Amino acid sequence: MPTHWLAIGDPQTTLERLLEVLDRNGALTPSGALRPEVGLISMGDHFDYKVEGEAARAAGAEEGVRVLRWLADHPRERVRILAGNHDLVRVQELHAVSDADFLAIREAQLGEAALRERFPTIPNWRVCERDFGSFRSDQRALVQRLLVAGRLELALVAAVAGRPALLSHAGVTGRELGLLSVAPAGDPRRVAAAMAELLRERVAAVRGAWARGEAAPLDLAPLHHTGAAGAEAGGSFAHRPANPERDGVDAPWEFDRGRPRRFDPRDLPRGLMQVVGHTQHHKLKTELVPWVDPGTHAAAHGLRTVLVGDGVRYLPGLRLPAADEAALVCTDFAMHRAPGPDLALLRVDAVDPPA
């Protein structure tokens with residue numbers, strides 16, 4: 001069993017690049033194997049890093065499969081894999097889309113009416129071009145297999161700096177705790193167990209259809225809503241912290257409690273430390289104005305923490321919350337765009353067994 005773990009924020013990159021980062025963090029043997037004393041936690045999102053050109057898109061599509069397979073080839077006792085919105089979209093919005101269909105959608109060859117009729121879970125062609133541009137149907141098959149096998153999880157509990165923490169792709173707020181009927185708010189194990197039970201139920205509902213090769217979407221509502229015509233996916237795997245009073249906010253759309261794309265960090269559960277991926281610094285530095293500490297910009301490719309007490313602060317590094325505070329530790333380093341492999345991953349002391 002590992003003596004310590006490393007949390008990998010959003011490994012949207014090539015397998016070669018991921019292994020370079022892991023090697024710099026002392027996770028690999030000289031032969032490139034995972035050291036027996038090291039465990040890994042992927043924070044979700046294994047597909048869709050930004051590339052230009054069709055050849056690069058094709059390579060990126062293959063790299064996402066290679067990264068996820070490499071992680072999943074290790075036993076659960078060594079590697080835990082969280083599901084991100086870019087993983088879930090393969091079995092939600094894109095559940096019935098062939099490779100040829102996707103190319104036609106991405107290049108806007110389908111009119112709006114035809115898109116809405118044939119693929120009602122796809123909001124518009126732009127999300128396929130902008131966000132999910134490296135989709136291939138074999139990725140969907142891989143995500144389905146890992147969900148059925150129980151290798152993709154929605155949340156887990158780990159010890160970080162001696163403190164219990166909830167790890168999930170994008171975090172939970174008071175909204176999610178209410179939907180999960182979880183109390184007290186600061187108990188990460190109850191939250192993780194409720195999310196695990198939800199996933200088991202919803203995967204069981206589509207397992208038979210997937211085994212028969214039928215197109216069936218994974219439904220995680222109301223925790224997370226898939227896309228629909230004119231409305232992008234929203235909820236606990238797509239939302240990110242933002243100041244609802246910042247300039248340019250479109251509150252009715254962004255902060256819709258039914259399918260939120262943003263959440264007020266003051267809605268984070270007090271007494272709960274959370275570790276998330278999902279959002280890079282270049283987005284948070286605008287979403288969280290005026291709460292951004294100037295020193296946080298230097299940590300753009302490192303750990304950052306949204307700390308909520310009497311006020312909100314977006315700070316560099318790992319910050320532990322007091323009993324009446326909330327903390328959201330951000331691990332998405334923009335790995336593929338970072339200037340080098342010297343990225344210090346979050347060290348995790350221990351991980352609870354699956355809920």
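I took a disulfide to be a pair of cysteine sulfur atoms within 2.5 Å. My search of the whole structure turned up 0 disulfides.

Ground rules for myself: this is a predicted model, where local features need pLDDT of at least 70, side-chain atom pairs count only at pLDDT 80 or more, and totals for chains, interfaces and linings use all residues. Residues are numbered from 1 along each chain as its sequence is written, and side-chain values use heavy atoms, with hydrogens and water left out.

Strands (E, at least two residues) and helices (H or I, at least four) are DSSP runs numbered from the N terminus, and I count two strands as paired if DSSP finds at least two bridges between them.

In what order do the 7 strands of the open sheet lie? I read β13-β12-β14-β11-β6-β5-β16, with mixed pairing. β13 (312–316) and β16 (350–351) are at the edges with a single partner strand each, so one side of each has no neighbour in the sheet.

β5 (residues 155–160) and β6 (residues 163–168) run antiparallel with 6 bridges, and valine 157 sits opposite leucine 166 in β6. Their hairpin has 2 residues between the strands, and alanine 161 there has a positive phi near 50 degrees. β6 also runs parallel to β11 (residues 273–276), through 3 bridges. β11 in turn is joined to β14 (residues 326–330) by 4 bridges, again parallel.

Last, pockets. On a 1 Å grid over the protein atoms alone, a pocket is an open set of points where a 1.4 Å probe fits, with protein on both sides within 12 Å along at least five of seven lines; lining residues have an atom within 4 Å of a point. Volume is the space filled by probe spheres set on the points, which are joined across faces, edges and corners.

The largest pocket holds about 710 Å³. Its lining has 33 residues, with Lys50, His86, Asp131, Arg240 and Lys283 nearest the centre.

The second largest pocket holds about 330 Å³. Of its 23 lining residues, Glu153, Ala196, Arg200, Pro354 and Ala355 are closest to the centre. I noted that α9 gives the most to this lining, with 8 residues.
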